[in-house]
Amino acid sequence: MKLNCLKNQAMIYIADASLFITGKRLEGEVITVPSVVGELRDESSRTIMELMNVRVEPPLRSFREEVRVKARVTKDSEELSSTDIDILAKALEYSEREETILVTDDFAVQNTAIQLGIKVMPAAQRTIKDVLLWEKLCIGCKRRFPEGDVCPVCGSPMKKVRKSKVK
Ligand SMILES: [Zn+2]
């Protein structure tokens with residue numbers, strides 16, 4: 001039937017624990033990784049996961065490696081847990097061949113996903129755009145730069161800070 005055809009082209013959602021905590025309803029296939037399932041402690045989020053008919057797939061090693069490398073470049077690696085890397089790896093794998101959206105409320109995961117070209121969507125209502133990107137603040141001259149560990153102006157170390165809003 002025609003309906004089946006349409007169903008096959010449905011969106012793929014790769015979800016971390018945020019989705020099962022908020023219980024946001026999605027039209028399409030939901031996939032997660034075993035480490036996310038392991039992190040769901042309460043009964044209600046586990047029930048939500050079962051009701052969503054979620055497919056649980058382990059991440060592939062090659063994609064985990066790709067995520068790690070990218071996260072190191074953006075300095076999000078300090079914020080990412082092993083589970084975060086698993087879910088990013090799964091999202092990266094699918095986004096290379098299908099319409100995929102990563103559902104997460106974790107800012108570091110969202111930020112890394114965007115750097116990897118993965119579409120993201122929050123599970124909760126809040127928007128991510130204000131806090132999406134990080135930048136570096138020089139501890140010496142207080143100048144801000146998009147990246148780097150050492151200030152190109154004064155040579156002082158730089159620390160990771162949330163990007164300030166443009167006036
Ligand atoms: Zn400086």
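Reader: Leaving aside its neighbours within four places in sequence, which residues is alanine 91 in contact with?
Author: This is a predicted model. In it, once neighbours within four places in sequence are left aside, alanine 91 is in contact with Ile14, Thr100, Leu102, Ala113 and Ile118.

Reader: And which residues of the largest nonpolar core touch the most other members?
Author: Leu88 and Ala91 do, in a core of 30 residues. Two or more residues each are given to this core by strands S1 (12-15) and S4 (100-103) and by helices H2 (17-22), H5 (61-74), H6 (82-95) and H7 (107-115). The largest share, seven residues, is from H6.

Reader: How many residues of H6 are buried?
Author: The helix is mostly covered, with 12 of its 14 residues buried. Among them are Asp84, Lys90 and Glu93, as well as Ile85 and Leu92.

Reader: What covers the buried residues of H6?
Author: The cover includes S1, strand S2 (29-32), helix H3 (34-39), H5, S4 and H7.

Reader: Turning to H7, how do H6 and H7 lie, roughly parallel or roughly perpendicular?
Author: Their axes cross at roughly 30° and come within 11 Å. Angles under 35 degrees count as roughly parallel, and the two helices are therefore roughly parallel to each other. The contact is made by Asp84, Ile87, Leu88 and Ala91 on H6, and by Ala108, Val109, Thr112 and Ala113 on H7.

Reader: Is the crossing left-handed or right-handed?
Author: H6 passes H7 in a right-handed crossing.

Key. Residues are numbered from 1 along each chain as its sequence is written. This is a predicted model: local features need pLDDT of at least 70, side-chain atom pairs count only at pLDDT 80 or more; totals for chains, interfaces and linings use all residues. A nonpolar core is a set of buried Ala, Val, Leu, Ile, Met, Phe, Trp, Tyr and Cys residues joined through C-beta atoms within 7 Å. A residue is buried if 20 or more other C-beta atoms lie within 10 Å of its own, exposed if 12 or fewer, and partly exposed in between; C-beta atoms are placed from the backbone. Helices (H or I, at least four residues) and strands (E, at least two) are DSSP runs, numbered from the N terminus. Two residues are in contact if their C-beta atoms, placed from the backbone, lie within 7 Å. Axes are lines fitted to C-alpha atoms, for helices over the stretch in contact, and angles run from 0 to 180 degrees between N-to-C directions. Angles under 35 degrees count as roughly parallel, over 145 as roughly antiparallel, 65 to 115 as roughly perpendicular and the rest as oblique. A crossing is left-handed if the near helix is turned anticlockwise from the far one by less than a right angle, and right-handed if clockwise.
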